[in-house]
Amino acid sequence: MKLKVLFDKDSQDPRYASGWGLAYLLDGRLLFDTGEKGEYLLENLRVLQIDAARVEMIVISHAHWDHTGGLSAFLDLHRHASVAGCAEAENLLSLPSGTRFVPVTEGQELIPGVWTSGCLTTRYHDAPLAEQALFVKTGSGIAVLSGCAHPGILSFVELARHCFPEEPLTFVGGGFHLINRDPREIRYIADKMKQMGVQRVGPSHCSGYEAFEIFQQVFGSDCVRLKVGKEVEV
Ligand SMILES: [Fe+2]
Ligand SMILES: [Fe+2]
């Protein structure tokens, strides 16, 4: 399945807007998160010549501004798309009236070949926070896509292993939430993923550049940079 990077902090081309947050397009029809701002998302969709009318569903990993910032601007133009999120997030999303909100349930297939991890709950700045990742059926296994991974990227990878025990884990990408973490802890996480059989990784957004380098030491050329405009087969 094709993953197109619509927004992140690094860009393949200066024409593409970049910044804080993340937005990925899967198979041309599922938008995973919306970055920090509507104008950036819409501009990148235009410059990348993406037919946004094909997007059927927007999956919001968690209700933080850098993942929901483009949501209302996108829905203003494409009201037919449904929004799938953790039930706890609905009131925080300020959805335009008429939007169909789908509270995800554990094991739910969102579009053919794409499942929610289910919502894991953690605490962030002294408040509860629910977050989901995506599990994507690929040609040869399962890919894990993460927004910020506040509950811990290994928690999502372990869940994927549990849900799909027979499948190789072909790719783990997105935000790993590792900025300012002890490098030894980052190395442990990278080694653990390698031991679990993860084939390729794409640490981006809040993973941080230091974590990227550590993952690169462990995964070599199988550690890919997910810059705006890049398309990867996951
Ligand atoms: Fe984030
Ligand atoms: Fe976040």
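The model described here is predicted.

**Helix α6**

On helix α6, the exposed residues Tyr209 and Gln217 sit on the face turned away from the buried side. The buried residues of this helix are Ala211, Phe212, Ile214, Phe215 and Phe219. Viewed down the axis of α6, these buried residues fall within an arc of 165°, so they line one face of the helix. In general, an α-helix has 3.6 residues a turn, so residues three or four places apart point the same way. The cover over the buried residues of α6 includes α5 (183-195) and β14. After α6 comes Gly220, which has a positive phi near 60°.

**The seven-stranded sheet**

One open sheet has 7 strands in the order β6-β5-β4-β3-β2-β1-β15, and its pairing is mixed. Its edge strands, β6 (101-103) and β15 (231-233), each pair on one side only.

Strand β1 (residues 2-7) runs antiparallel to β2 and is joined to it by 4 bridges. Strand β3 (residues 30-32) also pairs with β2 in the antiparallel sense, over 3 bridges. The hairpin of β2 and β3 has 3 residues between the strands, and Asp27 in this hairpin takes a positive phi near 55°. Helix α1 (residues 38-47) lies across β1 and β2 and runs at about 130° to β1.

**The six-stranded sheet**

Another open sheet has 6 strands, ordered β7-β8-β11-β12-β13-β14, again with mixed pairing. Here the edge strands are β7 (109-111) and β14 (200-204), and each pairs on one side only. Neighbouring strands of this sheet are turned by 20° against each other on average, direction ignored.

Within this sheet, β11 (residues 134-137) and β12 (residues 142-146) pair in the antiparallel sense over 4 bridges. Helix α4 (residues 153-163) lies across β11, β12 and β13 (169-175), and its direction makes an angle of about 150° with β12.

| Residue | Opposite residue | Strand of the opposite residue |
|---|---|---|
| Leu3 | Leu26 | β2 |
| Leu25 | Leu31 | β3 |
| Leu134 | Leu145 | β12 |

**The nonpolar core**

The largest nonpolar core has 70 residues, of which Leu6, Tyr24, Ile58, Val136, Val144 and Val157 touch the most other members. Helix α6 (residues 209-219) contributes the largest share of this core, with 5 residues.

For Val136, leaving aside residues up to four places away in sequence, the contacts are Met1, Leu26, Gly113, Val114, Ile142, Ala143, Leu145 and Val234.

Note on methods
Residues are numbered from 1 along each chain as its sequence is written. Chains are lettered from A and ligands numbered from 1 in the order in which they are written. This is a predicted model: local features need pLDDT of at least 70, side-chain atom pairs count only at pLDDT 80 or more; totals for chains, interfaces and linings use all residues. Two strands pair if DSSP finds at least two bridges between them. Helices (H or I, at least four residues) and strands (E, at least two) are DSSP runs, numbered from the N terminus. Axes are lines fitted to C-alpha atoms, for helices over the stretch in contact, and angles run from 0 to 180 degrees between N-to-C directions. Two residues are in contact if their C-beta atoms, placed from the backbone, lie within 7 Å. A nonpolar core is a set of buried Ala, Val, Leu, Ile, Met, Phe, Trp, Tyr and Cys residues joined through C-beta atoms within 7 Å. A residue is buried if 20 or more other C-beta atoms lie within 10 Å of its own, exposed if 12 or fewer, and partly exposed in between; C-beta atoms are placed from the backbone. The arc is that of the directions from the helix axis to the C-beta atoms.
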